[in-house]
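Subject: Structure for you to look at

Hello,

Here is the structure I promised to pass on. Please open it and keep it beside you while you read my notes.

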Amino acid sequence: MAARKPTEKTLGESLRERGVSRRGFLKFCAATASMMALPPSMAPAIAAALEKAKRPSVIWLSFQECTGCTESLTRSHAPTLEDLILDVISLDYHHTLQAAAGDAAEHAREQAMAANAGEYLVIVDGSIPGPDSNPGFSTVAGHSNYAMLMETVENAAAVIAVGTCATFGGLPAANPNPTGAMSVMDLVKNKPVINVSGCPPIPMVITGVIAHYLTFGRLPELDAYNRPMAFFGQSIHDRCYRRPFYDKGLFAKTFDDEGARLGWCLYELGCKGPTTYNACATMRWNDGTSWPVEAGHPCLGCSEPKFWDAGGFYNAVSVPTSASGMNVLAAGAAGAVVGGAVAALAKKQTKTAVTHRQPVTVEELEAKL
């Protein structure tokens, strides 16, 4: 009997073949629920869905990019890169990670498209020179980025744009945009497109979106920019551990003053947290070790459209470049007044959430399945 293809096996079968225990699988499902901002009580439903889910074929296209998005993915810890590739998906094409090269690599992409027509996922990182641009600006295997993108997405189930270059054009599209760089959603109009922005994006958001798709058979709830609400539904400012200092009007004036050493708010040093939506403050980086603001650097707003052209990185938001120190202080004082009211409401909501939190153990999950 011929061996079954990876995409013909269920995730449950693949996990058992690799010696993953049921207990380990349930822990994975509990972590997945947490990562997708779902209550722990959803873990049994996730386990049941993933047990039967087929491993999707994934084709990853890299265009005008710096490989930072792939580097970010390789540092995912929930699930890890190995878990994602070996257990959760069938990664059939990826410039950086695949062993094949040249004709063999392109043949693998074409085979995956033909064998999984209508069912495979396309992940794109990097912007694309538009159809009116010189096709020689960026090519793969002699084909323009635009031609390869449109050919690959034609029979795809959905498209995931990873990184700010793919989602909004990013640095290649910054003024004066010499290559005519465009985002995936500017070009793909006949397929669902989900945006995972960031420069680079948080690795667990990439894997979380794939886990959600496998669990529920659909894309997660999206915001106005087609980003998953579970990860982009709140501003960095609202989740930041420095927020209490903002509410009190306590701001670092330089990167090495007493306020900076005490962890005061970085608003006056250009932090774009109030206008940036992402989960950096809660998910953090490198296995939850830290993130830029915790390391003492203001948020650059890299997950927002046109962040490269949105003004100086170290100018306070809503404060003109020529603003005097008194203007900045006035802005800070206003922030303290408004922030105080918001903080009181947030504190009340947090207390209510903690009261209704539903802790769950692996033993309880096993009993429910």
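Cys199 is partly exposed, because its relative accessibility is 42%. Keep in mind that this is a predicted model. Cys199 sits in the loop between β9 (193-196) and α10 (203-216). Beyond residues up to four places away in sequence, Cys199 touches Thr164, Cys302 and Phe307.

Cys199 is also part of an annotated group. An unreviewed UniProt entry places the feature "binding site" at Cys66, Cys69, Cys165 and Cys199. These residues are spread over 134 residues of sequence, but they cluster in space, with a largest C-alpha distance of 10.0 Å.

Now take Cys69. This residue lies in helix α4 (residues 68-73). Is Cys69 buried or exposed? Cys69 counts as buried, because its relative accessibility is 11% and the limit for buried is under 20%. Leaving out residues up to four places away in sequence, the contacts of Cys69 are Asp125, Val162, Gly163, Pro200, Pro201 and Ile206.

Cys66 falls in another class. Its relative accessibility is 64%, so Cys66 counts as exposed.

Disulfides

With cysteines gathered like this, disulfides are worth a check. A disulfide is a covalent bond between the sulfur atoms of two cysteines. How many disulfides does a search of the whole structure find? The search finds zero.

The cut-off is 2.5 Å between the sulfur atoms.

Cys240 is in the loop between α12 (236-239) and α13 (243-247). Cys240 is buried, because its relative accessible area is 14%. Setting aside neighbours within four places in sequence, Cys240 is in contact with Ala281, Trp291 and Val293.

Cys265 belongs to the loop between α14 (258-261) and α15 (280-283). Its relative accessibility is 8%, so Cys265 counts as buried. With neighbours within four places in sequence left aside, Cys265 is in contact with Arg242, Phe245, Tyr246, Leu250, Phe251 and Ala252.

The sheet

Next, find the sheet. Strands of a sheet pair through backbone hydrogen bonds, either parallel or antiparallel. Here five strands form an open sheet, in the order β2-β1-β3-β7-β9, and the pairing is parallel. Which strands stand at the edges? They are β2 (90-94) and β9. Each has a single partner strand, so one side of each is left without a neighbour in the sheet. On average, neighbouring strands of this sheet are turned by 20° against each other, direction ignored.

Walk through the pairs. β1 and β2 are parallel and share four bridges. Ser57 has Ser90 in β2 as its bridge partner. β1 and β3 are also parallel, over five bridges. There, Ile59 has Val122 in β3 as its bridge partner. Strand β3 (residues 121-125) pairs with strand β7 (residues 158-162) in the parallel sense, over five bridges. Val124 stands opposite Ala161 in β7.

Helix α7 (residues 145-153) packs on this sheet. The helix touches β1 (57-62), β2, β3 and β7, and its direction makes about 165° with that of β1.

Finish with β1 itself. In a regular strand the side chains alternate between the two faces of the sheet. In β1, Ser57, Ile59 and Leu61 point one way, while Val58, Trp60 and Ser62 point the other way. How many residues of β1 are buried? Six of its six residues are buried, so β1 is mostly covered.

Best wishes

Key: Residues numbered from 1 in each chain as written. Predicted model: local features only at pLDDT ≥ 70, side-chain atom pairs only at ≥ 80, totals over all residues. Heavy atoms only, no water. UniProt positions renumbered as here; feature names shortened; annotations may be inferred. Helix = DSSP H or I, 4+ residues; strand = E, 2+ residues; numbered from the N terminus. Buried < 20%, exposed > 50% of the residue type's maximum accessible area, 1.4 Å probe, protein only. Contact = heavy atoms within 4.5 Å. Pairing = 2+ DSSP bridges. Axes fitted to C-alpha atoms, helices over the stretch in contact; angles between N-to-C directions.
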